[in-house]
Amino acid sequence: MTGNHQSLALLLFGAFVAATLGITTWAGRRRYGSPEEFYAGGRLFSPVENGFAIAGDHLSAASFLGTSGLIALFGYDGVLYCVGFFVAWLVVLLLAELVRNCGRFTLADVVAARTRERPVRIAAGVSSVTVCVLHLVAQMVGAGSLIALLIGETGGRARAWTVIGVGTLMVIFVALGGMRATTWIQIVKAVLLMAGAIALTALVLIRFHGDLDALLGTAARNSGHGADFLAPGLHYGGDSTARLDFVSLGLALVLGTAGLPHILTRLSTVPTARAARRSVIWSIGLIGGFSLMTIVLGFGAAAVLGTDAVRTSDAAGNTAVPLLALDLGGGAGSTGGTVLFAVVAAVAFATILAVVAGITLASSASVAHDLYGALSRRADRTPRGEVAVARIAAVGIGAAAIGLGLLAEDLNVAFLVGLAFAAAASANLPVLLYSLFWRRFTARGAVWAVYGGLLPAVVLVMLSPAVSGSPDAICSGVDFHLFPLRNPGLVSVPLGFLAGWLGTVTSPAPAPGHAAKHAETQVRALTGAGAA
């Protein structure tokens, strides 16, 4: 990256940071006297606003740069990532109204609505914080790597300061601005991301005169794989283990999104269940449109640049879109290329900031609302005190994320993201579905479902080729792997459901009011009567 590219990218990124700090200052003027205002922005957002915010919360730098790079490198197999992320939102759409009616702010609110609160809240809180921290560390590591790739600073110092800077900003956004500031930052980011993707997609289509056949044909020729580039199997078509690994990853992606704490928290920021459903519909439209543009950009990078050029720049393909922007703008040294490259870099930076803010807020809500609320024996707890605890938790989680991000700077980001989705699908989704739809479900079943999915997911990954026994493993010099798959979803998700069922059927006879509590929850979920 030349000095002009670097300076302009940093200037645009600085402008975005200044704008987000202005939003945080504006939002921080409001006194957050209740958890509802801090966690949910007073439930005052419209479906359109919340839909844009959900899209901004979900679409990460991995969606913008990573998926396009995979398509540029592996063609059809890279498209499968887009499909997995998009299909996942159909599960969220199924649950949106029910979660909004039964919950207040967190996953634990939904589950504890019909079971003993303390053990369930602790289990759900532990799971939510674990998933959020894994996701945060992945974003922090990705931020350091992205800066190194885009501004040409490959030293450890540049990565370290990037992680510290991103962590500091996310703590400021959450601790001072709460959900109100976080939402508007995500809306601004979503608009910038969509605008950038639309502009680049239009330029790719103009380059090929709107002829998709010509685009795909050129991409296949320049990939070095010919027709195989447009057929399945180039990346995941190895032995049966590789195919099972892909199924496992797909299962985690499709089922994990509905269990992500920061996505569930966003459903509580609108006034009604109908508004929550409309929010998800808006987000599906935005994410679907973005996914289609990502496919065009990936094949465009392969066609314009060639797969070898993309791989030479970065083995994972993360620089495919910036290099494509540089070429579409007129090439290296041109004003148009410099501007487009800088815009892509700045949007990628903005994407990371918006995503980490949403995850930090969700994790601080779990700490203050679930863990502190369940473990504290103080009788004088107040709503304002809970907000204070949430702010302190945001600082603590931010510090932990910075520390872990610095320690894990050499870890594979895909490994961390896959683990976060697998943990959400294995621990959070089973307990959520059982609570909403199974009349006999008990507190023991809820606790067993959470830990019965979370612990296997973590243990199996530790014993997988992602950690040891393969050339690209975290501990490449040793081999203690016992589990053949890199993603544990294929095993840990069924174990989560099995543990929830086993815990329920082995529970003592339910209390006399158990059936009535389930009926009350059903009425509340379906009608909204008594919803927060």
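A residue counts as buried when its relative accessible area is under 20%, and S291, at 12%, therefore falls in the buried class. That residue is a handy starting point for a walk through this predicted model. S291 belongs to helix 12, a helix that also takes part in a crossing with helix 3. From there we can move on to the aromatic pairs, of which a search of the whole structure finds eight.

**S291 and its surroundings**
- You will find S291 in helix 12, where its relative accessibility of 12% makes it buried.
- Once its neighbours within four places in sequence are set aside, S291 is in contact with C82 and F86.

**Where helix 3 meets helix 12**
- The axes of these two helices come within 7 Å and cross at roughly 50°, which makes helix 3 oblique to helix 12.
- The crossing of helix 3 and helix 12 is right-handed.
- On the helix 3 side, the contact is made by P47, V48, N50, G51, F52, I54, A55 and H58.
- On the helix 12 side, the residues making the contact are A275, R278, S279, W282, S283, L286 and I287.

**Aromatic pairs**
- As a reminder, two numbers describe a pair of aromatic rings: the distance of the centres and the angle of the planes.
- Eight such pairs turn up in the whole structure; among them, F52 and W282 have ring centres 6.3 Å apart and planes at 35°, so this pair is tilted.
- F52 sits in helix 3 (residues 47-58) and W282 in helix 12 (residues 273-304), so their pairing ties together parts that are 230 residues apart in sequence.
- W282 has a relative accessible area of 37%, so it is partly exposed.
- Y434 and F497 also form an aromatic pair, this one edge-to-face, with 5.8 Å from centre to centre and 80° between the planes.
- Because Y434 lies in helix 17 (residues 413-437) and F497 in helix 19 (residues 489-505), the pair ties together parts that are 63 residues apart in sequence.
- Y434 is buried at 15% relative accessibility, whereas F497 is partly exposed at 24%.
- Y434 and F497 also belong to a cluster, in which ring pairs link them with W438 and F441.

**A charge over a ring**
- If you look at W26, you will see the charged end of R180 sitting over its ring, 4.3 Å from the ring centre.

**Helix 14 and what follows**
- Helix 14 (residues 320-328) is mostly covered, with seven of its nine residues buried.
- Those buried residues are A320, V321, P322, L324, A325, L326 and L328.
- After helix 14 comes G330, which has a positive phi, near 130°.

**Y76 in helix 5**
- Y76 lies in helix 5 (residues 76-102) and, at 35% relative accessibility, is partly exposed.
- Y76 and H235 are 159 residues apart in sequence, and their C-alpha atoms are 8.9 Å apart in space.
- Leaving aside neighbours within four places in sequence, Y76 is in contact with F229, L230, A231, P232 and F299.

How values were computed:
Residues are numbered from 1 along each chain as its sequence is written. This is a predicted model: local features need pLDDT of at least 70, side-chain atom pairs count only at pLDDT 80 or more; totals for chains, interfaces and linings use all residues. Side-chain values use heavy atoms; hydrogens and water are left out. Rings of Phe, Tyr and Trp (its six-membered ring) pair if their centres lie within 6.5 Å; planes under 30 degrees apart count as stacked, over 60 as edge-to-face and the rest as tilted. Helices (H or I, at least four residues) and strands (E, at least two) are DSSP runs, numbered from the N terminus. Buried means under 20% relative accessible area, exposed over 50%, partly exposed in between (1.4 Å probe, protein chains only). A charge sits over a ring if NZ of Lys or CZ of Arg is within 6 Å of the ring centre and within 35 degrees of the ring normal. Contact means heavy atoms within 4.5 Å. Axes are lines fitted to C-alpha atoms, for helices over the stretch in contact, and angles run from 0 to 180 degrees between N-to-C directions. Angles under 35 degrees count as roughly parallel, over 145 as roughly antiparallel, 65 to 115 as roughly perpendicular and the rest as oblique. A crossing is left-handed if the near helix is turned anticlockwise from the far one by less than a right angle, and right-handed if clockwise.
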